[in-house]
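Welcome! Take a look at the structure below, and then let's walk through it together with some questions and answers.

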Amino acid sequence: MQMGWKYSLRRHFTFVRRLLFSSALMLLSVACLFGQTDESPVTQHAGAGKVLVHSKFGGQIFGFDIDQDGTEGLLSEAKTLANGNILAAVETFDQKTGKILKVVDRLESQDDFVTMGIVGSSVGLVEREHVEGGFVVKRIFHTLNPLELNKFNGPWTPPIGSKHIIMPTGVSRSQGVAKVAVFDYDNSGNFIPLVFSSNVAANTFGPVVKITDSNNFGSVSPPIAYDSKTSIAVLGGGNGCFGCLPVIGVVDLVKGTFSEFTGIGFGFINGIAIDSADGIACTTTEDDASVEFYDLKKQTGFTVVLPNSGEQQFFSGADVEFDSLHKLFFIAQPNSSSSSSGSTIYVYDTKGNLKETLNGFNFSNTFNVIPAHIALHPSVRGGYVDGPDSGVTELQSFSY
């Protein structure tokens, strides 16, 4: 992987924050637990789990995901060898035990792998970056369809040129629906990124849409989410200046059109997810430790401040994921404001009510090449997140 790409990505997703503790939030969390509805019962032992997934060869994990309709997970890892080569591997693991099931591929060269996610119906998507002379000269995308076969068995050939890059966060985490939305970062110097839809399993693609506002969507790769009901992609953008309002990009993936509106909260949008059934988007913003809930049709919304954060940047949220079965949004907070140390996952309903506070994690983005990700398995009310090893060689289970 081109080193300049690694370090620029790391700088963008590194959050400079400090930690607080407040007993008041403990009382609030307990109250939320007792206030659960029948539609969203709390798991008896909700919180960080004891099952850990360790990368097979001790390398840093370059992306992972778990199958929401199966029993396996997928990860990529890489580490530098004594001879200067990179040991890169793709592995599947058992969600219940954390055991590595199969080394799908292993290389010792300058190439590496990145897991882009599990999409559609149990389809794994992995990128191989082929490096020559210290530069990525070719990007090859493999699919595992279905994941349980534990092997590459098909190509994915997105309509991009050599000067365009699909970043690790550039593919929407869309499981259970046929298509995903893809953000294509323009590295040519023109800074006109592209967005398109794709049925990854079928290797087909929708219209390629130019994102003409490079100021708000071209300087860094924005988080992207896919609304399967309306066939739109939603981008979390902004120019990143401290205290500035974010910008929401809306891409009609059928008509091939792009529009935008001014968001709420302050600073970069760090994470985004969509409740397609109700047309609700949820985001986190970098400068104010806030969570935003949008009515996409009306393009209006409201803000909820993360508990005990005091709206301080240090406590800002990161990844956002949505459990469509229980109608819950999950917010990753790398630096916890509800525990004396570590990281927290907050669980909100679609109306912005805090339902659960899950502690006991350590998924700081400080040493991550790829930002921390919450992977959900709604039917078992569980999932995995990066950590607790600061070297990003592990994944930790949790329940909710």
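Q: In what order do the strands of the open sheet with β1 and β27 lie?
A: This is a predicted model, in which local features need pLDDT of at least 70 and side-chain atom pairs count only at pLDDT 80 or more, while totals for chains, interfaces and linings use all residues. Residues are numbered from 1 along each chain as its sequence is written, and side-chain values use heavy atoms, with hydrogens and water left out. Strands here are DSSP runs (E, at least two residues; helices are H or I, at least four), numbered from the N terminus, and two of them pair if DSSP finds at least two bridges between them. The four strands of this open sheet pair in the antiparallel sense, in the order β1-β29-β28-β27.

Q: Which strands form the edges of that sheet, and what is its average twist?
A: An edge strand pairs on one side only, and here that describes β1 (47-54) and β27 (374-377). From one strand to the next, the twist averages 25°.

Q: Which residue of β29 is the bridge partner of L52?
A: Strand β29 covers residues 394-399 and pairs with β1 in the antiparallel sense over five bridges. Within β29, G47 has S399 as its bridge partner. For L52, the partner in β29 is Q396.

Q: Which residue of β29 is the bridge partner of V385?
A: Strand β28 (residues 382-386) runs antiparallel to β29, and five bridges join them. The partner of V385 in β29 is Q396.

Q: Is S197 buried or exposed?
A: You can find S197 in strand β12 (residues 194-199). Counting contact as heavy atoms within 4.5 Å, S197 touches residues including K179, F205 and L253, leaving aside those up to four places away in sequence. Its C-alpha atom is separated by 6.0 Å from that of V182, 15 residues apart along the chain. With a relative accessibility of 4%, S197 counts as buried.

Q: What is the torsion about the S-S bond of C241 and C244?
A: A disulfide is a pair of cysteine sulfur atoms within 2.5 Å, and by this rule the count comes to one. The sulfur atoms of C241 and C244 are 1.5 Å apart. C241 is partly exposed at 28% relative accessibility, and so is C244 at 24%. The disulfide is left-handed because the torsion is about -110°.

Q: Which residue in β26 stands opposite Y348?
A: Another open sheet has four strands in the order β23-β24-β25-β26, with antiparallel pairing. Its edge strands are β23 (320-323) and β26 (354-361). Strand β25 (residues 343-349) pairs with β26 over five bridges, and the residue opposite Y348 is L354.

Q: What is the mean pLDDT of the protein chain?
A: The predictor's confidence in each residue is given as pLDDT, from 0 to 100. Over residues 1-40 the pLDDT is below 50. In the chain, 89% of the residues reach 70 or more, and the mean pLDDT is 89.

Technical notes:
Buried means under 20% relative accessible area, exposed over 50%, partly exposed in between (1.4 Å probe, protein chains only). Axes are lines fitted to C-alpha atoms, for helices over the stretch in contact, and angles run from 0 to 180 degrees between N-to-C directions.
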